[in-house]
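Subject: Structure handover

Hello,

Here is the structure I promised to pass on. Please have it open while you read the notes below.

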Amino acid sequence: ISVNIQADVKSGSKVIAQTIANLIRQKQQQGQNCVLGLATGSSPKTLYAELARMHKEEGLSFGNVISFNLDEYYPISKEAPQSYNRFMHNHLFDQVDIKPENIHIPNGEIKKEDIKAACADYEKQIEAAGGIDLQILGIGNNGHIGFNEPGSGIYTRTRLVNLTNSTRLANAYEFANISEVPRMAITMGISTIMKSRQIILMAWGPAKAIAVKKAVEDEDSEIVPASFLQNHDNVSFVLDEAAAAGLT
Ligand code: F6R
């Protein structure tokens, strides 16, 4: 894991946006699609604002971008303000020229009996797109990536999972109260994430310092799912000073 420590969220987000923009343009020049894996939550908001700015002010086109989001609550309506579908449209997709048919987000509306097939299909769609070129990740306070909570194994694929109480509590600010936070989610698995050709994990603020330290410095284990990233050969963590504070 290579670690890149930046002064603050703004400069860290700019570094990541520049990496994404470079890849999109490089693929454009080669006449190829650029397949991005995307995260939601508070961490990527500044990143998406910067990408939207680059689209408006610098002519960065998303015309060749195919996106796959990591996860979505289950169950949730696509138009619910807390849904990751709404989040992505508000913060990025509605601000840029990505083709609607190139957007993929796990569907929080499907019937329970259809979830298995939909998850298998999500994996197939990623493969059919040629695999993920660059996966963007945040990290949970408990070391989760996507919604792969502690205990998620290295071979996990896209599936329905239970959210831990600590994750529901961390995300409760989006909802009227904690009982409204969905108890489940559909998430890419650890193996889905590990197949990406390049991975960038971002973490900002002191609340992430312990998880970051464990992910980078502890022996890899299911206890801290982000620690599995140590086994990938092209991963960088972009951190602000506070999130990096625990690193030795
Ligand atoms: C979101 C996701 C999660 C978040 C993590 C951190 O798509 O996959 O792993 O990245 O929970 O959330 P924030 O950024 O809100 O602190």
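The notes cover the sheets, then the ligand, then some helices and single residues.

First, the ground rules. This is a predicted model, where local features need pLDDT of at least 70, side-chain atom pairs count only at pLDDT 80 or more, and totals for chains, interfaces and linings use all residues. Residues are numbered from 1 along each chain as its sequence is written. Helices (H or I, at least four residues) and strands (E, at least two) are DSSP runs, numbered from the N terminus. Two strands pair if DSSP finds at least two bridges between them.

Look at strand 6 (residues 134–137) in particular. Its residues are buried, meaning that 20 or more other C-beta atoms lie within 10 Å of a residue's own; 12 or fewer is exposed, in between is partly exposed, and C-beta atoms are placed from the backbone. Leu134 and Ile136 point one way, Gln135 and Leu137 the other, and all are buried. In a regular strand the side chains alternate between the two faces of the sheet.

Strand 6 runs parallel to strand 2 (residues 34–38), and 2 bridges join them. Gln135 is the bridge partner of Gly37 there. Strand 6 is also parallel to strand 9 (residues 198–203), with 4 bridges. In that pairing, Ile136 has Ile200 as its bridge partner.

3 strands form another open sheet, in the order 4-8-7, with antiparallel pairing. Strand 4 (71–74) and strand 7 (159–162) stand at the edges with a single partner strand each, so one side of each has no neighbour in the sheet. Neighbouring strands here are turned by 30° against each other on average, direction ignored. That angle is taken between axes, which are lines fitted to C-alpha atoms (for helices over the stretch in contact), and angles run from 0 to 180 degrees between N-to-C directions.

Strand 8 (residues 184–187) is joined to strand 7 by 4 bridges. Strand 4 and strand 8 are also joined by 4 bridges. Met184 of strand 8 stands opposite Tyr74 and is the bridge partner of Asn162.

Tyr74 has another feature to check. A cis peptide bond joins Tyr74 and Pro75, with omega about -10°. Pro75 lies in the loop between strand 4 and helix 3.

**The ligand**

14 residues surround the ligand. A residue counts as near if its C-beta atom, placed from the backbone, lies within 6 Å. The closest are Thr40, Gly41, Ser42, Ser43 and Gly138. The shell divides into 5 nonpolar, 8 polar and 1 charged. Ala, Val, Leu, Ile, Met, Phe, Trp, Tyr, Cys and Pro count as nonpolar, Asp, Glu, Lys and Arg as charged, and the others, Gly among them, as polar.

**Helices and single residues**

Helix 2 (residues 45–58) has 14 residues. Its first and last C-alpha are 19 Å apart, close to the 20 Å expected at 1.5 Å a residue. The expected span is 1.5 Å times one less than the number of residues. Thr46, Leu47, Tyr48, Glu50, Leu51 and Met54 are buried in helix 2. Helix 1 (9–29) and helix 3 (84–91) are among what covers them. Gly59 follows helix 2 and has a positive phi, near 70°.

Ile126 sits in helix 4 (residues 115–128). Why is Ile126 buried? Because 21 other C-beta atoms lie within 10 Å of Ile126. Leaving aside neighbours within four places in sequence, Ile126 is in contact with Phe68, Gly131, Ile132 and Thr192. Contact means C-beta atoms, placed from the backbone, within 7 Å.

Ile210, in helix 7 (residues 209–217), counts as partly exposed, because it has 16 C-beta neighbours inside 10 Å. Ile210 and Arg86 are 124 residues apart in sequence and 30 Å apart in space, C-alpha to C-alpha.

Best wishes

Methods: Two residues are in contact if their C-beta atoms, placed from the backbone, lie within 7 Å.
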